[in-house]
Amino acid sequence: MDTIHYFNKIVKELEHSAPLISSDEAETLFCHIVGAKKVFVAGAGRSGFIAKSFAMRMMHMGIDAYVVGETVTATFEKDDLLLLCTGSGETKTLTAIGEKAKTVGGTIAVVTLSPLSTIGKMANTTVTLPGAPKDQDGSHHETIQPMGSLFEQIMLLFFDALILRFMHHKELDTNKMYGKHANLE
Ligand SMILES: O=P(O)(O)OC[C@H]1O[C@](O)(CO)[C@@H](O)[C@@H]1O
């Protein structure tokens, strides 16, 4: 099978996934982000890349957004939102970050495959996405892709959809947002 055949298979997997996402959970996350003073995102590995791409777009919309662990990241405070992006909900570094945020008193949101995980239970609000766990643990999963790829793709598209929701809410368009795009690159 050639590459484009696989590309089409991936698109089909994504099409099947969209109806499995809760609009109510998405709207609740939207409201938390709108209500937060600052928004912090964290994720490990590929989940972390997706989290970063969402932080970048939030910045383009004028939201005070940070990636946990970067040198220019601000102080997390009680009016802030921490958004943890984790398929398993068991990644140790993220658990530690969530525990610290809890002691500060801010709000924790998680986007995950596993709402009953350690991080899922710690969160104030959860968006459950479909996909397969990264270990694909021997049971049947609706994907031909390795490890957490389907979850990671769904998370990217979910965040891009959330950005469109914000753009509508804030009456933004791509030109206004491009005005905030980095020009030293
Ligand atoms: O999304 P989780 O379960 O926190 O796991 C993150 C890990 O999974 C991966 O995204 C692989 O699927 C890795 O890049 C990363 O180490």
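Buried means under 20% relative accessible area, exposed means over 50%, and partly exposed lies in between (1.4 Å probe, protein chains only). By that scale Ala132, at 2% relative accessibility, counts as buried. Ala132 sits in the loop between strand S5 (125-128) and H6. Helices (H or I, at least four residues) and strands (E, at least two) are DSSP runs, numbered from the N terminus. Ala132 and Leu150 are 18 residues apart in sequence, and their C-alpha atoms are 6.5 Å apart in space.

The model is predicted: local features need pLDDT of at least 70, side-chain atom pairs count only at pLDDT 80 or more, and totals for chains, interfaces and linings use all residues. Residues are numbered from 1 along each chain as its sequence is written, and side-chain values use heavy atoms, with hydrogens and water left out.

**Strands**

Start with strand S3 (residues 81-86). Six of its six residues are buried, so S3 is largely enclosed by the rest of the structure. In a regular strand the side chains alternate between the two faces of the sheet. Both faces of S3 are covered. Leu81, Leu83 and Cys85 are buried on one side. Leu82, Leu84 and Thr86 are buried on the other.

S3 has paired strands, where pairing requires that DSSP finds at least two bridges between two strands. Strand S1 (residues 39-43) runs parallel to S3, and five bridges join them. Within this pairing, Val39 stands opposite Leu81, and Gly43 has Cys85 as its bridge partner. Strand S4 (residues 107-112) is also parallel to S3, with six bridges between them. Here Leu84 stands opposite Val110. From S3 the chain crosses through helix H4 (residues 92-104) to S4, and this β-α-β crossover is right-handed. Right-handed has a set meaning: with the strands pointing away from the viewer, the path from the first strand over the helix to the second runs clockwise.

S1 is mostly covered, with four of its five residues buried. S1 also pairs with S2 in the parallel sense, over three bridges. Val39 stands opposite Ala65 in S2. Val39 therefore has a place in both pairings, facing Leu81 in S3 and Ala65 in S2. S1, H3 and S2 make a right-handed β-α-β unit.

**Salt bridges**

A salt bridge is a side-chain nitrogen of Lys or Arg within 4 Å of a carboxyl oxygen of Asp or Glu. A search of the whole structure finds six. Three of them are tabulated here.

| Pair | N to O distance | Separation in sequence |
|---|---|---|
| Glu77 and Lys38 | 2.6 Å | 39 residues |
| Lys38 and Asp80 | 2.9 Å | 42 residues |
| Lys52 and Glu70 | 3.8 Å | 18 residues |

Where do the partners lie? Lys38 is in the loop between helix H2 (23-35) and S1, and Glu77 is in the loop between strand S2 (65-67) and S3, so their bridge ties together parts that are 39 residues apart in sequence. Asp80 is in the loop between S2 and S3, so its bridge to Lys38 ties together parts that are 42 residues apart. Lys38 counts as buried, at 9% relative accessibility. Asp80 is buried too. Glu77 is partly exposed, with a relative accessible area of 40%. Lys52 is partly exposed at 40% relative accessibility, and Glu70 is partly exposed at 37%. Through shared partners, salt bridges join Lys38, Glu77 and Asp80 into one network.

Met1, Tyr6 and Ile144 form a nonpolar patch on the surface. Together they have about 350 Å² of accessible area, computed by the Shrake-Rupley method with a 1.4 Å probe; for residues, only the protein chains shown count as cover. Patches are made of residues with over 30% relative accessible area and no salt bridge: like charges are joined within 9 Å, nonpolar side chains (Val, Leu, Ile, Met, Phe, Trp, Tyr) within 5 Å. Met1 lies in the segment before helix H1 (3-17). At 69% relative accessibility, Met1 counts as exposed.

Helix H6 (residues 149-169) has 21 residues. From its first C-alpha to its last, H6 reaches 30 Å, close to the 30 Å expected at 1.5 Å a residue. The expected span is 1.5 Å times one less than the number of residues. Just after H6, Glu171 takes a positive phi of about 50°.
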